[in-house]
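Hi,

Here is the structure I promised to pass on. Have a look at it first, and then read my notes below.

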Amino acid sequence: MIEIHGLSANYGEARVLNDVSLEVHQGEVVTLVGRNGAGKTTMLRSIMGLHRDLSGSISFDGKPIEKWSPNARARAGIGWVPDDRGIYASLTVAENLTLPPVVHKDAWSMEQIHATFPRMRERRSSMGTQLSGGEQQMLAIARVLRMGSRLLLLDEPSEGLAPVIVQRIGEIIREIKAQGVAVLLVEQNVKFASTVADRHYLLSQGRVVEQLSNDDFKAREVELLEHLGM
Amino acid sequence: MTTTRSGLVTVTGFAASALMLAGCAGGPPPAPESDLSNDKVVIGLLNDQSGVYKDLSGPNSKVAIEMAIEDYLAEYGDQAVVTEDQIEIVMADTQNKPDVANTQAQQMYDRSNADVILDVPASSAALAVAEVANQKKKLHINISAATTELTGAACNPYTFHWAYNTQMLAKGAAGVVEDGGETWSLVYPDYAFGQDMVKSFTAAVEDAGGTVNEAIATPFPNDNFSTFITRAASTDPDVIGTMAAGGDLINFVKQFNQSGVRDQAQLAVGLMFITDIHSLGVDEFSGTTFTDAWYWNYDEQNREFADRFLDLTDTRPSFAHAANYSAAYQYLDAIQRAGTDDADAIIEELEGLKVDDVFLRNGEIRAGDHSVVHDSYVAKVKDAADVEEDWDYEEITATIPAEDAFPDVNPNCSM
Amino acid sequence: MDAFLQYTVQGLAAGGFYALAALGLAVIFGALGVVNFAHGSFYMLGAVASAVLLDVLGIQFWAALVIVPILMFIFGIIIELLLVQWLLKLDILYNFLLTFGLSLVLVDLVKRQYGVSGLPYELPAGLGGLLQIGSVEVPSYQLFVFLFALAVCLVVWFVLSKTRVGMIVRAATEEPERARALGINVSAWVTPVFGFGVALAGLAGVLAAPFRAITATMGTNFIIILFAIVVIGGLGSVLGAVVAGFLVGLVEAYGQGYAGTFSQVLIFVLMAVVIAVRPAGLFGRKEAV
């Protein structure tokens with residue numbers, strides 16, 4: 001679904017991504033694991049087209065998209081759930097949900113959204129940022145599902161949330177995966193990552209240092225935790 | 001043409017040229033003796049080329065000065081001590097700022113060798129130029145500024161004030177009081193000009209037996225006068241006098257007309273030019289009284305001048321244009337008599353001169369304070385229905401004799 | 001008491017006008033992050049255009065209320081495409097300087113073409129005279145301006161808060177990058193929003209024509225008051241601009257009634273107090289960190 005080759009990205013003088021290659025297939029959940037500052041968020045922003053100072057190739061559904069604007073990439077089916085959840089304070093919950101255009105026939109209907117995220121119906125008239133952190137995370141995910149994104153870029157969805165909510169997010173990711181949607185997940189929570197992902201890329205100082213299957217990942221959990229400094 | 005020119009010749013000018021002609025009788029007239037600095041006469045025109053006073057005087061004052069030069073040359077022909085190619089006009093913009101006026105005046109006197117600077121609207125700019133003139137010992141004839149300071153505390157031997165001042169503007173108020181407008185409310189912008197005007201108006205109204213209920217200060221500049229107008233009307237005066245000028249005046253009058261106060265009280269305007277009436281439309285101003293220094297459609301002589309001016313500029317002259325003409329002409333005429341453009345010699349020629357021309361009626365260049373006194377007029381803006389042609393806006397209801405318009409030598413002046 | 005009521009009515013009438021004039025400034029700042037110094041000149045162009053339309057083509061006030069905003073919308077689009085958009089990615093100062101320069105150019109062009117003494121304009125038929133409201137007399141035209149401005153503010157508020165267009169504008173205002181990442185072509189919305197803000201300035205100019213001096217410089221002082229209004233209301237807040245517009249109108253009227261020369265100073269005292277108590281303005285949001 002998405003293939004990235006030799007991607008390098010700079011922030012001014014500093015190189016934050018160095019010759020990174022990775023791919024995510026349809027219906028696959030892949031994580032990017034690494035310490036803070038390893039370049040995970042830059043990776044997602046580069047895929048979204050929000051980070052422009054880069055070289056290398058990105059192809060989505062077989063089409064090169066490096067030159068595309070962010071909104072063209074979104075319309076092609078890439079859905080971004082930023083680490084701050086990106087909920088609009090000046091829009092209601094319902095407006096936050098319906099803001100993006102529907103870009104794919106498999107997009108979730110409002111009924112589906114409400115069935116999976118009942119709080120979205122109850123709080124539909126509240127302003128977006130009046131929701132709790134967990135609800136905002138749900139809203140951010142629901143928003144790209146309603147849009148019909150085929151590849152979800154999830155930036156630390158479990159961060160700062162209660163275990164029961166993290167668990168719920170895990171369920172939702174598995175449900176999405178079952179529908180053939182691809183997910184590229186940035187995570188520091190190794191336990192959570194191992195419950196949802198098929199494969200893992202280990203990112204360090206802007207490079208992919210290792211690629212692991214989920215079984216290997218589980219087996220080396222302690223070592224990885226140490227690497228991540230947890 | 002002939003009548004105009006003859007009208008322009010001053011009594012003394014006549015005498016001088018007659019003497020000269022007599023002296024030359026019997027042979028081809030030799031070139032008259034003259035002693036010109038830099039071998040030429042440079043007239044500096046320093047005024048507002050882009051701001052609120054641009055239409056009042058501005059670039060068209062240059063046309064008026066050119067007309068004066070033309071008339072001077074035609075009047076004296078071969079006997080002119082200054083020939084056509086010896087006269088030069090230089091022009092600059094003060095932007096109505098004293099600092100700019102100061103710099104421009106210095107440049108005109110020093111670099112362009114200006115012998116005289118004419119015009120200079122905006123009182124603060126005028127005072128700055130008068131100061132420079134005094135330092136450089138060169139002439140300044142002020143036309144468009146209103147302050148009495150020029151002939152008062154700030155007077156000096158090198159500065160003349162040709163057309164009008166705040167005291168004279170208030171004189172029209174006496175006529176309004178006599179016509180039954182006995183109680184007044186004044187609304188004025190709270191800076192030097194406005195305060196000056198309020199003093200003059202209060203004195204003029206009270207001298208004529210009227211009373212001023214209150215004087216209301218407003219910010220300057222100001223767009224919204226609605227509540228000030230309500231306040232001015234609250235004492236139920238016969239007349240509301242506004243000292244606002246330029247764009248502020250237009251704001252005031254538009255809002256005054258809409259306020260309904262127009263039906264209760266008459267409007268008198270402290271400082272208004274014909275260009276203001278032209279821009280706002282005669283309807284908005286109709287019935288308004290003000291003091292005018294000169295009106296183009298007053299008599300045949302004025303009209304003839306105005307027709308010439310119209311041909312050259314496509315517009316009718318304001319009093320400032322006529323006054324620029326008058327000052328330039330009288331200046332050249334003084335050179336003719338003195339045979340030199342030396343400032344002190346010219347001052348001697350001008351001081352005490354009694355003069356009549358298209359602008360100055362019963363005029364006298366008062367030696368005591370260099371105020372040029374002349375007849376002034378109480379003008380009433382016509383109703384739209386009575387306007388017969390473009391710029392035909394004023395009805396002159398009374399003439400204020402020169403000695404009433406500019407009564408006494410300013411006591412604050414010591415040369 | 002009568003005087004107080006009279007001042008209040010006058011303050012509200014002036015406030016409606018201020019609100020309408022400040023609205024476009026708030027919309028443009030909100031959606032583009034442009035501190036539009038040329039807003040006063042756009043207002044001036046609206047008034048001058050009305051006077052010229054009347055003088056040259058005999059187009060009356062009522063038609064001008066429709067035609068001038070359309071012309072100004074087109075003019076705004078041209079300015080945005082030609083100039084403003086190229087500086088949007090740079091520091092906010094660049095567009096501030098651009099619009100400052102633009103206002104100087106526009107003022108001088110109008111001076112050159114139409115002089116400095118101002119242009120005449122007639123009060124529209126049927127809006128002369130006075131209306132008696134209780135013990136207070138109000139000029140009909142002031143009342144009209146108040147009601148019209150209020151209606152326009154309500155329509156703008158409705159469009160912004162209740163329609164899809166408004167939703168997109170709000171999102172693009174709050175966080176344009178995120179809106180792009182959600183598939184919204186923000187750039188395509190920015191141009192017409194700028195044009196809309198300019199049209200609102202032009203509309204205020206049409207309303208001003210019958211009761212303000214129509215001169216090239218009529219916007220130069222006005223823009224200062226408008227900036228005070230949007231700062232009081234909260235930069236970019238439409239509701240804030242409207243509420244602050246009325247506040248400033250009232251403060252000015254009471255100032256004129258009871259404090260004379262200080263009436264204009266009071267506006268800036270109000271601004272200083274608001275900034276001291278709520279730095280982001282009455283309805284402003286704190287900048288996202």
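Predicted model: local features only at pLDDT ≥ 70, side-chain atom pairs only at ≥ 80, totals over all residues.

**What I found**

Residues are numbered from 1 along each chain as its sequence is written, while chains are lettered from A and ligands numbered from 1 in the order in which they are written.

**Strands in chain B**

Strands here are DSSP runs of E, at least two residues long, and helices are runs of H or I, at least four residues long, numbered from the N terminus. Two strands pair if DSSP finds at least two bridges between them.

β1 (residues 41–47) and β3 (residues 116–119) of chain B are parallel and share 4 bridges, with Ile43(B) opposite Val116(B). β3(B) also pairs in the parallel sense with β4 (residues 139–142) of chain B, again over 4 bridges. There, His140(B) in β4(B) is the bridge partner of Ile117(B).

**Chain B as a whole**

Chain B has 15 helices and 15 strands. Its radius of gyration is 21 Å, close to the 22 Å from the globule rule for 415 residues, so chain B is as compact as a globular protein of that length. (The radius is taken over C-alpha atoms, and the rule is 2.2 Å times the number of residues to the power 0.38.) The C-alpha trace spans about 75 × 45 × 35 Å along its principal axes.

Of the 415 residues, 60% count as buried. A residue is buried if 20 or more other C-beta atoms lie within 10 Å of its own, exposed if 12 or fewer, and partly exposed in between, with C-beta atoms placed from the backbone. Among contacts in chain B with a separation of 6 or more, 73% come from residues 24 or more positions apart; a contact means C-beta atoms, placed from the backbone, within 7 Å.

UniProt, in an unreviewed entry, annotates residues 41–383 of chain B as "domain: Leucine-binding protein". UniProt positions are in the numbering used here, feature names are shortened, and annotations may be inferred rather than shown by experiment. Over residues 41–383, chain B is 43% helix and 19% strand.

One residue to look up is Val387(B), in the loop between β14 (376–381) and β15 (394–400) of chain B. Val387(B) counts as partly exposed because it has 16 C-beta neighbours inside 10 Å. Leaving aside neighbours within four places in sequence, Val387(B) is in contact with Val282(B), Lys382(B), Asp392(B) and Tyr393(B).

**Chain C**

For chain C, the unreviewed UniProt entry lists several spans as "transmembrane region", including 92–110 and 223–251. Residues 92–110 of chain C are 100% helix, with end C-alpha atoms 27 Å apart. Residues 223–251 of chain C are 86% helix, and their ends lie 17 Å apart.

Helix α4 (residues 92–114) of chain C has 23 residues and reaches 33 Å from first to last C-alpha, close to the 33 Å expected at 1.5 Å a residue. (That expected span is 1.5 Å times one less than the number of residues.) Its buried residues, among them Leu98(C) and Val107(C), pack against α2 (39–57), α3 (61–87) and α9 of chain C. Just after α4(C), Gly115(C) takes a positive phi of about 75°.

**Where the chains meet**

34 residues of chain C are in contact with 34 residues of chain B. α1(C) gives the most to that side of chain C, with 5 residues.

Towards chain A, 14 residues of chain C are in contact with 20 residues of chain A. α6 (164–174) and α7 (176–181) of chain C each supply at least two residues to that side.

Enjoy exploring!

Definitions and conventions
Contact = placed C-beta atoms within 7 Å.
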